[in-house]
Amino acid sequence: MSRVALPALGAVLTVALWWLLTAALHIDPFYLPSPADVVETFWRTPGFLLGETWVTLQRVLIGFAVAVTGGLVVAVVLAASRTVERMTMPVLAAVNAVPKVALAPLLLVWMGFGDTPKIVLVVLVSFFPVVVATMAGLTSAPADLRKLARSLKASWWQTFVKVRLPWALPQIFVGLKVATPLAIIGAVIGEVVSPDRGLGSVITGSSASSDTPLAFAALVLLALAGVALFYAVAAVERLAVPWAGAA
Amino acid sequence: MITVSAVGQTFPGPVEALADITLRVDDGEFVTLIGRSGCGKSTLLNLMAGLLRPTRGTIAIDGTPVTEPRRDVGLVFQQPALLPWRSVEANVLLPAEIFGRRGSSYRTRAAELLEMTGLSAFRQKLPHELSGGMQQRVALCRALLPRPSVLLMDEPFSALDALTREELAVELQRLHLDLGTTIVFVTHSIQEAVLLADRVVVLTDRPGRLREIVQVDIPRPRSFGYNAHLDEVAAASARLHDLLH
């Protein structure tokens, strides 16, 4: 009950506060539109906005899928060998420290317009959290369990599949939850820098025509997409890691 | 039979953990290793388990030198070390899976062991749904599943509360009588040593050397409560106390 009711109540209160502020302070919708303005804008062209949402969401999902698959594979390879891990960790940390958002204009130069540079940006921003979390998880199996595996003469593969990987799952999901909002941010940055379609492009266009309520409608849709993705990951987590949080 | 011949262990540092240990554990015998913290008793156990190679001397089980872990040696640690995503039964069956044997005989064996330790009703539970004492019972069943000839236990009850400890010690004694497995049991509790052991091996402070081997000739089953052998228990405890202080 409270798992649904409390989050819903929080959302309702937030919207109410937003409404109250715009009404009480007589804020010009040009600066901060009220929730009613935003909803009205949405209902003027619902098909258009939902279509653009779908465009952005597709880029996010494709990029996220690539980042997660690649991130898991890279993390497993790195965690397989202490030597490889030590060698590549500083490089990974360095690449991770580069603000990927700053690469957006470069990607435009390299890949032109269209879906590709946006998807690549999604991959770039969401890849590292997955790698770092997975590696941390894979190297976190407690000493006793490693000793147990060794005493049973388990092979590397048996130890990996039966102990290390399941042990890493809760941390892998932490990485995935960090990566989901980043994936959306990546797609939107890509669309803002080289607008074609998608909600980022809608935001860029709305500022050109001073249509603040439209920008807000796009932002709200992005936020909703973010929430949906986050809860989707959390739902998969509950299925995959039923023992987590209970110990 | 476990034969420890002139074994010494020096860790990088150098830290001399064990010096000149010679010891024989007979088949079916229950031996406890006792000593103060850091005296190398766990090191000696790890050497017997083949998890460490001795710097000096040799260790053999049934005449074969121990150079790596053996599948006929079971291990129980201070922590249960269960896989949190596996049911009690699946945890107990882990060794069979790793040995690549999925026969129904192991399932029967697991059911028997769980029955003996009073866990039958909890077969399908996950470890976190069990108390600490029950988790350690599961770890014991797991170690016993492949019918090991030797069971090595490293302070297995020291993370448990006093009452659970006594309960498990009595239960272990019963299992030992039933199964006849050779057991080497590390502890720092005199009470536990006297209750469980045929012989108590007392180690000196670092580097651990053999201080003395105390024979405990109290009839089994022994218990912590009032029984017919209070004087013998008191005498053995006092003797160990003197040797350790």
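Me: Does Asp20(B) count as buried, partly exposed or exposed, and why?

Reply: Let's start with the idea: burial is judged by counting other C-beta atoms within 10 Å, where 20 or more means buried and 12 or fewer means exposed. This is a predicted model, and in it Asp20(B) has 14 C-beta neighbours inside 10 Å, so Asp20(B) counts as partly exposed. You will find Asp20(B) in strand 2 of chain B.

Me: Where should I look for cis peptide bonds in chain B?

Reply: Look at omega. The bond from Gly13(B) to Pro14(B) is cis, with omega near -10°, and Pro14(B) belongs to the loop between strand 1 (2-11) and strand 2 (15-25) of chain B. A cis bond also joins Arg206(B) and Pro207(B), with omega about -10°. Pro207(B) is in the loop between strand 9 (199-203) and strand 10 (210-215) of chain B.

Me: How many residues of helix 1 of chain B are buried?

Reply: Helix 1 (residues 41-49) of chain B has 8 of its 9 residues buried, so this helix is largely enclosed by the rest of the structure. The buried ones are Lys41(B), Thr43(B), Leu44(B), Leu45(B), Asn46(B), Leu47(B), Met48(B) and Ala49(B).

Me: Which residues of the largest nonpolar core touch the most other members?

Reply: A nonpolar core is a set of buried nonpolar residues joined through C-beta atoms within 7 Å. The largest one here has 77 residues, and Met48(B), Val92(B), Cys141(B), Leu152(B) and Val184(B) touch the most other members. Helix 5 (residues 132-144) of chain B gives the most to this core, 7 residues. At least three residues come from each of domain 1 (2-72 + 148-244) and domain 2 (83-146) of chain B. Leaving aside residues up to four places away in sequence, Leu152(B) touches Leu45(B), Met48(B), Ala49(B), Val73(B), Gly74(B), Leu75(B) and Val184(B). Another core lies apart from the largest one; it has 51 residues, including Val38(A), Val132(A), Ile185(A) and Leu222(A).

Me: How do the two domains of chain B meet?

Reply: Begin with their positions: the C-alpha centres of domain 1 and domain 2 of chain B lie 25 Å apart. Their contact takes 13 residues from domain 1 of chain B and 9 residues from domain 2 of chain B. On the domain 1 side, helix 6 (residues 162-179) of chain B supplies the largest share, 6 residues. That side of domain 1 divides into 9 nonpolar, 1 polar and 3 charged residues.

Me: How many helices and strands are there in chain A?

Reply: Chain A has 10 helices and 0 strands. Its C-alpha trace spans about 70 × 50 × 30 Å along the principal axes, and 35% of its 247 residues count as buried. To judge how the chain folds back on itself, look at sequence separation: among contacts in chain A with a separation of 6 or more, 75% are between residues 24 or more positions apart.

Me: How is a pair of packed helices described?

Reply: Two packed helices are described by the angle between their axes and the distance between the axes. In this model, helix 3 (residues 46-80) and helix 6 (residues 115-138) of chain A pack at about 35°, with their axes 6 Å apart. The crossing of helix 3 of chain A past helix 6 of chain A is right-handed. By class, the residues of this contact are 19 nonpolar, 5 polar and 3 charged.

Me: Which helix of chain A gives the most to the side that touches chain B?

Reply: The contact takes 15 residues from chain A and 15 residues from chain B. Helix 7 (143-151) and helix 8 (156-193) of chain A each supply at least two residues of the chain A side. Helix 7 of chain A gives the most, with 6 residues. The chain A side has 9 nonpolar, 2 polar and 4 charged residues.

Me: Is Lys162(A) buried or exposed, and why?

Reply: Lys162(A), which has its place in helix 8 of chain A, is buried because 20 other C-beta atoms lie within 10 Å.

Key:
Residues are numbered from 1 along each chain as its sequence is written. Chains are lettered from A and ligands numbered from 1 in the order in which they are written. This is a predicted model: local features need pLDDT of at least 70, side-chain atom pairs count only at pLDDT 80 or more; totals for chains, interfaces and linings use all residues. Axes are lines fitted to C-alpha atoms, for helices over the stretch in contact, and angles run from 0 to 180 degrees between N-to-C directions. Helices (H or I, at least four residues) and strands (E, at least two) are DSSP runs, numbered from the N terminus. A crossing is left-handed if the near helix is turned anticlockwise from the far one by less than a right angle, and right-handed if clockwise. Ala, Val, Leu, Ile, Met, Phe, Trp, Tyr, Cys and Pro count as nonpolar, Asp, Glu, Lys and Arg as charged, and the others, Gly among them, as polar. Two residues are in contact if their C-beta atoms, placed from the backbone, lie within 7 Å. Domain bounds come from an automatic or database domain assignment.
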